[in-house]
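Thanks for coming. I will take a few minutes to walk through one structure, starting with the overall layout and then going to some individual residues.

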Amino acid sequence: MLLAKVIGNVWSTKKKEEISALRLLFVQPLGKNLKPDGHVVVAVDEVGAGFGELVIVTQGAPAMQAFNKDNLIPIDAVVVGIVDNL
């Protein structure tokens, strides 16, 4: 998992059916000093995060299983939490 900041929305009118109802966000991974660290990631938003919020993102196989453990969907990252305090 990683800590990231929501920096924007991704709008897509054509998507695979498996992800057609999912909201997509641009998130910027952050380092220990809460400064940008790494490339911007497109992540599915499972928790209703908003612009500027700090979020927890999971990637890889856990992200693919976040919605349905039996049917993997084609995603690489999912916002699984909003950070209230550090």
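This is a predicted model: local features need pLDDT of at least 70, side-chain atom pairs count only at pLDDT 80 or more; totals for chains, interfaces and linings use all residues.

Along the sequence, the pattern reads β-β-β-β-α-β.

Now the overall dimensions. The C-alpha trace spans about 40 × 25 × 20 Å along its principal axes. As for contacts between residues at least 6 apart in sequence, 52% join residues at least 24 apart.

Next, the interior. In soluble globular proteins, nonpolar side chains tend to be buried together. Which residues make up the largest nonpolar core here? There are 11 residues in all, including Ala4, Leu25, Val41, Val57 and Val79. Strand 1 (2–10), strand 2 (23–29), strand 3 (41–45), strand 4 (54–59) and strand 5 (77–82) each give two or more residues to this core. A second, separate core has 8 residues, among them Leu22, Ile73, Ile75 and Val78.

Take valine 41 from the largest core. Beyond its neighbours within four places in sequence, valine 41 is in contact with Leu25, Phe26, Val27, Pro29, Gln59 and Ala77.

Is glutamine 28 buried or exposed? Its relative accessible area is 12%, under the 20% cut-off, so glutamine 28 counts as buried. The side chain of glutamine 28 reaches the backbone oxygen of glycine 38 at 2.9 Å. Not counting residues up to four places away in sequence, glutamine 28 touches Leu3, Ala4, Lys5, Ile7, Pro36, Asp37, Gly38 and Val40.

Last, charges. Side chains of opposite charge can pair when their charged atoms come close. How many salt bridges does a search of the whole structure find? The search finds 1. The side chains of aspartate 45 and arginine 23 meet in a salt bridge, at 2.5 Å from N to O. Aspartate 45 lies in strand 3 and arginine 23 in strand 2, so the pair ties together parts that are 22 residues apart in sequence. Aspartate 45 is buried, at 9% relative accessible area, whereas arginine 23 counts as partly exposed, at 36%.

Terms used
Residues are numbered from 1 along each chain as its sequence is written. Side-chain values use heavy atoms; hydrogens and water are left out. A nonpolar core is a set of buried Ala, Val, Leu, Ile, Met, Phe, Trp, Tyr and Cys residues joined through side-chain atoms within 4.5 Å. Buried means under 20% relative accessible area, exposed over 50%, partly exposed in between (1.4 Å probe, protein chains only). Helices (H or I, at least four residues) and strands (E, at least two) are DSSP runs, numbered from the N terminus. Contact means heavy atoms within 4.5 Å. A polar contact is a pair of N or O atoms within 3.5 Å; within protein, one must be able to donate a hydrogen and the other to accept it, and residues adjacent in sequence count only if both atoms are side-chain atoms. A salt bridge is a side-chain nitrogen of Lys or Arg within 4 Å of a carboxyl oxygen of Asp or Glu.
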